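Please read these notes with the model open beside you. They go from the overall layout to single residues.

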Amino acid sequence: MNNFNFYSPTYFIFGKGRENEAGKYVKRFGGTKVLLHFGGSSAIKSGLLDRVKNSLNGEDISFVELGGVMPNPRSGLVYKGIDICKKESIDFVLAVGGGSVIDSAKAIAAGALYEGDFWDFYTGKKVEKALPVATILTIAAAGSEGSSSTVITHENGMLKRSAEGNALRPVFSILNPELTFTLPAYQTACGITDMMAHVLERYFTNTQEVEITDRLCEGILLTIIKEAPVAISEPTSYGAHANIMWAGMVAHNDICGVGREQDWATHQMEHELSALYDVAHGAGLAVMFPAWMKFVMNHDVMRFAQFAVRVWGCEMDFQHPETTAKEGIAKFEQFLISIGMPVRFAELGAKAEDIPTLVKNMRLGNHTVGSFVKLTEKDVTEIYKLAV
Ligand code: NZQ
Ligand code: ZN
């Protein structure tokens with residue numbers, strides 16, 4: 001196991017009706033003037049936004065509203081939010097929504113305390129300070145409610161990039177599984193795929209002697225595999241959605257990734273897909289992850305066999321471990337299909353002839369991406385082709 005620091009300061013408020021306590025917690029965490037940030041229409045239609053406003057009013061906390069965050073959130077609204085924060089002396093950002101709203105809120109919170117262009121953070125500058133951000137989560141997926149990262153697409157060039165910094169970890173996150181009951185099945189499945197991908201980016205590692213995090217990863221995956229079909233077929237089953245919601249958080253606050261090298265090549269390849277075609281992040285991952293696995297499997301057949309046996313219940317073929325390894329990948333792909341995910345380019349609306357553009361947009365040059373296997377531009381091209 002490698003040396004590590006682990007900082008996860010978020011205060012989690014989990015369960016039915018907990019969004020009605022938003023005002024109390026904003027006050028407790030020092031917010032006096034709030035930017036209330038939300039997405040398109042779901043939080044308005046469900047009445048959630050009104051409940052949150054009532055809660056803020058109940059504590060005499062003033063707020064300025066900024067809605068309209070799109071999936072794959074854009075830079076334009078971030079600039080607008082930063083401007084509002086500076087002009088209105090906002091001291092707290094409250095995100096009501098999914099990963100896109102939360103990521104937009106984090107970008108605004110960092111930009112509000114920065115004199116330069118907030119995009120600097122998405123091109124390599126570490127975020128050292130930000131206004132406090134809190135979240136009321138409406139979709140279990142990205143894990144941004146507990147993570148130190150944010151992903152934004154810049155409209156100039158449609159580049160989708162991420163920024164990092166512990167200052168971006170939410171001060172509190174309210175997780176009420178009932179808020180996810182209104183999600184379309186497809187969106188629930190996209191979220192489930194994303195959280196599985198967050199575990200897998202950590203699971204496939206070259207670091208040795210990491211049994212604790214291996215087992216945590218496997219436990220999260222087994223939970224998701226059990227609960228996902230219920231959550232999708234019974235949109236109001238509280239138990240399944242509660243387990244899925246917490247799985248999405250532990251999959252990405254890094255508790256299962258500390259002390260080990262992590263990969264993240266698949267996420268970067270997916271970000272190019274969602275930047276070019278504006279597809280849901282989870283759907284793009286469902287297409288890219290099996291392709292990546294097929295390409296890198298021979299690098300460590302025994303790790304893939306372990307994944308097959310411990311997560312998918314395959315029987316170990318000691319004579320031919322590669323057979324077991326392949327079986328695990330096939331079961332994973334079958335699972336994705338069973339929850340309604342696309343697994344090939346055409347199902348996403350992606351085109352083989354765009355592969356050179358996708359690769360070029362990654363701007364790898366002579367660099368590589370990933371750590372389990374360090375992928376060159378040529379490798380990435382092959383993986384995209386496997387996804388076709
Ligand atoms: O805008 P509204 O109307 O709310 O609709 C949203 C949106 O269309 C809808 N939705 C959300 N909650 C709902 C609901 N509809 C009905 N009922 C509800 N309760 O769902 C759609 C998708 O929302 P979005 O926030 O985009 O989904 P998700 O949470 O999957 O976030 C995806 C974004 O997160 C980034 C992705 O790249 C993508 O941009 N990621 C962020 C990470 C992070 N910050 O740590 C890590 C991830 O790897 C990921 O890259
Ligand atoms: Zn993701």
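**Notes on the predicted model**

1. The domain assignment divides the protein into domain 1 (11–179) and domain 2 (183–387); such bounds come from an automatic or database domain assignment. The contact between them takes 28 residues from domain 1 and 27 residues from domain 2, where contact means heavy atoms within 4.5 Å. The C-alpha centres of domain 1 and domain 2 are 27 Å apart.

2. A word on conventions. This is a predicted model, in which local features need pLDDT of at least 70 and side-chain atom pairs count only at pLDDT 80 or more, while totals for chains, interfaces and linings use all residues. Residues are numbered from 1 along each chain as its sequence is written, chains are lettered from A and ligands numbered from 1 in the order in which they are written, and side-chain values use heavy atoms, with hydrogens and water left out.

3. Which residues touch the most other members of the largest nonpolar core? They are Trp292 and Tyr384, in a core of 109 residues. Helix H10 (residues 281–296) gives this core its largest share, 10 residues. Domain 1 (11–179) and domain 2 (183–387) each supply at least three residues to this core. A nonpolar core here is a set of buried Ala, Val, Leu, Ile, Met, Phe, Trp, Tyr and Cys residues joined through side-chain atoms within 4.5 Å. Buried means under 20% relative accessible area, exposed over 50%, and partly exposed in between (1.4 Å probe, protein chains only). Helices (H or I, at least four residues) and strands (E, at least two) are DSSP runs, numbered from the N terminus.

4. Look at Trp292 itself. Not counting residues up to four places away in sequence, Trp292 touches Phe204, Asp263, Ala265, Thr266, Met269, Phe304, Phe372, Leu375 and Ile383. Another core, of 21 residues, lies apart from the largest one; Ile13, Leu36, Ile61 and Ile136 are among its members.

5. Val369 sits in the loop between helix H14 (355–362) and helix H15 (377–387). Is Val369 buried or exposed? Its relative accessible area is 3%, so Val369 is buried. Beyond its neighbours within four places in sequence, Val369 is in contact with Ala265, Gln268, Met362, Leu364, Lys374, Leu375 and Val380.

6. Lys16 is in the loop between strand S1 (11–14) and helix H1 (22–28). Lys16 counts as exposed because its relative accessibility is 52%. Leaving aside neighbours within four places in sequence, Lys16 has contacts with Asn176, Glu178 and Tyr238. Lys16 and Pro177 are 161 residues apart along the chain, yet their C-alpha atoms are separated by 7.0 Å.

7. Check two backbone angles. Asp60 is a residue other than glycine with a positive phi, near 55°. Asp60 lies in the loop between helix H3 (48–58) and strand S3 (62–66) and is exposed, at 73% relative accessibility. Asn72 also has a positive phi, near 55°. Asn72 belongs to the loop between S3 and helix H4 (75–88) and is buried, at 8% relative accessibility.

8. Finally, the lining of the largest cavity. Ala140, Thr180, Leu183, Thr188, Ala231, His241 and Ile244 form it.

Notes
On a 1 Å grid over the protein atoms alone, a cavity is a set of points where a 1.4 Å probe fits but cannot get out, and a pocket is an open set with protein on both sides within 12 Å along at least five of seven lines; lining residues have an atom within 4 Å of a point.
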